[in-house]
Amino acid sequence: MKKKLLLLTTITSFFIISCKDKEEMIEVQVPAATEAVSVPVDGDPKSVVATQGAFQMKGLNYGYNDLEPYMDAKTVETHYSKHHLGYCNKLNDAVKGTPLETMSIEEILKGLDLKNSTLRNNAGGYYNHNIFWEIIGPKAGGRATGKVAELIDKDFGSFAEFKLQFTEKAKGLFGSGWVWLVYQNDGTLKITTSVNQDNPLMPNAEVKGYPLMNIDVWEHAYYLKYKNDRSKYIENFWQLVDWNKVEYRLSLIK
């Protein structure tokens, strides 16, 4: 009997877990390297709507494809319309029928019961992503301007030194989390980090302050395009920072 040789090609699928608690996990399948993925050019982020509730999606100031080549359309679409939307919907479920429904997201975060993991993860995830999408955009990058630039020079010595410190924090943060530039009560800027979906407004924050900008270093923010190369993702993030938006956030501080 002749033996037949069978060539078996196995395509391995990877999965990214976007939430800490099992009941809040959102699975996103990562395509194989040979699989072509694309998002229609006319795909509209404005069509992403949360379930009825106190909090809604804020939308994007750009299309899914507009951050190319630094952030691919599939990542933006998946990150925004699945991960971010998931946090928003679960936040609405968590506050439904409670006094929290009438509170702002900032008020909820500042008075958070840290033992309430469902509220902690989803309120944080909703707020953190709102800022992330706000402060990036197409035709951006470059150096900080205005009052933000003055504060960066004063508190870090130079923009180059600030960028280096922020980049190193992002590269060195173990696991999933965020890196932040915050404005502190004493009028100074500080770089800080948070794990999971925590942020500088929460009671447990090591460095408290008003968030001016952040970078998401959860794998779902970059894995489709960069695989495990977080450093490359961080390097290209600087091409997307819209310093006018960071300056606007500073102007909101009373």
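**Salt bridges, pair by pair**

Mentor: Glu235 is partly exposed, its relative accessible area being 46%, where partly exposed covers the range between buried (under 20% relative accessible area) and exposed (over 50%), computed with a 1.4 Å probe on protein chains only. The model is a predicted one, in which local features need pLDDT of at least 70 and side-chain atom pairs count only at pLDDT 80 or more, while totals for chains, interfaces and linings use all residues. Residues are numbered from 1 along each chain as its sequence is written, and side-chain values use heavy atoms, with hydrogens and water left out.

The partner of Glu235 is Lys232, and the two side chains meet in a salt bridge with an N to O distance of 3.5 Å; the term requires a side-chain nitrogen of Lys or Arg within 4 Å of a carboxyl oxygen of Asp or Glu. Because Glu235 and Lys232 are 3 residues apart in helix H7 (residues 230-237), about one helical turn separates them. Helices (H or I, at least four residues) and strands (E, at least two) are DSSP runs, numbered from the N terminus.

By the rule for salt bridges, the count comes to 5. One of these joins Arg120 to Asp198, whose closest N and O atoms are 2.8 Å apart. Since Arg120 belongs to helix H3 (residues 117-134) and Asp198 to the loop between strand S4 (189-195) and strand S5 (210-216), this pair ties together parts that are 78 residues apart in sequence. The two partners fall into separate accessibility classes, for Arg120 is partly exposed at 21% relative accessible area, whereas Asp198 is buried at 7%.

Another salt bridge brings together the side chains of Arg249 and Glu134, at 3.1 Å from N to O. This pair, too, links distant parts of the chain, with Arg249 in helix H8 (residues 243-251) and Glu134 in helix H3, 115 residues apart.
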